[in-house]
Amino acid sequence: MSLAENRRIALALSGGGIRAMAFHLGVLKLLAERDLLEEIQRVSTVSGGSLLIGLLLKENGMQWPSSHAFLYSAYQELREKLCKRSLQWGAARQLLNPANWRFFLSRANLLGLALRREWNIDCALSDLPSTPEWSINGTTAENGKRFRFKRDNLGDYTLGYAAGGNFPLADALAVSAAFPGGFGPLRIDTTKFDWRKRPWDAPSGSEKSTNIGFDVLHLYDGGVYDNLGLEPFFDSGKCDTKCPENYIIVSDAGSPLPNGFSFRELNPRRLKRIADIMADQAHALRVRSFANFLQQGPNRGAFFFINTPTDGPDSSTSFACEFPTTLRKLTLGEFDRLADHGYKVALQVEKQYGLCKRMPGEELTAQDCPAR
């Protein structure tokens with residue numbers, strides 16, 4: 001399938017732990033069957049989406065796979081990998097080494113070690129391919145902004161950016177997946193980097209050295225800031241794209257907020273429930289803005305949502321939505337149900353609207369792109 005107006009794809013993969021990894025693989029399978037992996041120019045990922053792309057590149061020799069290579073090699077290799085080793089227990093095993101006890105309160109560092117030893121991700125950011133351009137997203141605890149890692153640099157727009165080519169890819173992935181309460185933040189010694197910044201409206205190349213004001217940064221899961229991974233491509237406030245040359249595809253495997261509230265007084269889970277509601281509403285605003293953008297004209301993008309009901313008696317929508325956000329290994333049956341659901345959601349969107357071919361005047365329904 002060729003893209004309308006010869007446009008390339010910007011792909012955003014959400015967080016959601018191992019659930020998201022399997023769901024996104026199903027989405028990528030549909031895109032590969034349409035020979036669209038070659039059209040992907042930009043990728044932005046959070047949490048499970050970041051872990052998936054890191055593993056995909058590692059299994060393909062640090063190159064973006066062709067559609068054929070994905071279907072006939074990479075997909076099966078990743079299926080076996082996700083059903084063989086648990087990153088969750090892999091991170092815990094790092095504490096058997098007393099030298100790692102210093103990371104007990106910043107357990108994302110342990111996840112980084114596990115990614116090196118369990119999945120053999122031992123390369124640096126500079127080893128990433130130049131195409132597609134990949135943004136690995138985290139959240140800076142010190143200022144609450146999106147901290148991103150790219151092939152050539154790292155940082156956020158308020159602190160500034162530094163050359164980060166030698167930064168370990170495993171640690172960048174660990175940052176993106178360091179959800180609060182699960183792994184905790186990854187600590188970065190900022191004194192090891194030369195931070196540079198330019199005024200907001202100044203041209204590229206006018207950057208000057210800057211003191212960011214922190215000797216150590218604590219970086220959390222990118223989903224704390226934007227669990228869709230959409231911000232590099234889309235301005236939610238303006239309801240408009242940041243890359244008009246791209247067709248934006250969003251795969252959202254975030255778990256919907258469950259109904260119910262039965263916690264007793266003084267139960268700390270009440271605070272978590274309030275935090276979940278706040279995060280869900282922030283997520284809903286981004287989804288609504290992107291849905292409005294898609295409705296304003298044809299060939300703007302596509303939204304694949306895990307809570308979309310699929311056709312057939314064997315629909316796995318409830319199973320997928322209720323699957324916990326974890327990094328444990330999957331059984332083959334669990335993987336196949338989650339990945340098949342992602343594939344069916346993408347296929348259903350394609351049948352209703354066409355990928356990159358939605359007709360003028362044809363609108364998304366609340367069911368296809370629901371506001372949560």
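Biologist: Hey, where does Thr191 lie?

Modeller: Thr191 is in the loop that links strand S7 (186-189) and strand S8 (196-197). Helices here are DSSP runs of H or I with at least four residues, strands are runs of E with at least two, and both are numbered from the N terminus.

Biologist: Is Thr191 buried or exposed?

Modeller: Thr191 counts as exposed, because its relative accessibility is 55%. Buried means under 20% relative accessible area, exposed means over 50%, and partly exposed is in between (1.4 Å probe, protein chains only).

Biologist: What separates the C-alpha atoms of Thr191 and Ile212?

Modeller: Those C-alpha atoms are 9.7 Å apart, while Thr191 and Ile212 are 21 residues apart along the chain.

Biologist: Before I go on, what kind of model is this?

Modeller: It's a predicted model, where local features need pLDDT of at least 70, side-chain atom pairs count only at pLDDT 80 or more, and totals for chains, interfaces and linings use all residues. Residues are numbered from 1 along each chain as its sequence is written, and side-chain values use heavy atoms, with hydrogens and water left out.

Biologist: What's the mean pLDDT of the protein chain?

Modeller: The mean is 85, and 88% of the residues reach 70 or more. pLDDT is the predictor's confidence in each residue, from 0 to 100.

Biologist: And where does pLDDT stay under 50?

Modeller: Over residues 357-372. Where pLDDT is low, the predicted coordinates should not be read in detail.

Biologist: Okay, new topic. How many helices and strands does the protein chain have?

Modeller: Ten helices and 14 strands. Buried residues make up 53% of the chain's 372 residues.

Biologist: Why is H2 largely enclosed by the rest of the structure?

Modeller: Ten of the twelve residues of H2 are buried, so the rest of the structure largely encloses it. Among those buried residues are Gly48, Leu51, Ile53 and Leu57.

Biologist: What comes after H2?

Modeller: Gly61 follows H2, and its phi is positive, near 65 degrees.

Biologist: Last one: at what angle do H1 and H10 pack?

Modeller: Helix H1 (residues 17-33) and helix H10 (residues 332-353) pack at about 45 degrees, with axes 7 Å apart. Axes are lines fitted to C-alpha atoms, for helices over the stretch in contact (heavy atoms within 4.5 Å), and angles run from 0 to 180 degrees between N-to-C directions. H1 and H10 are therefore oblique to each other. Angles under 35 degrees count as roughly parallel, over 145 as roughly antiparallel, 65 to 115 as roughly perpendicular, and the rest as oblique.
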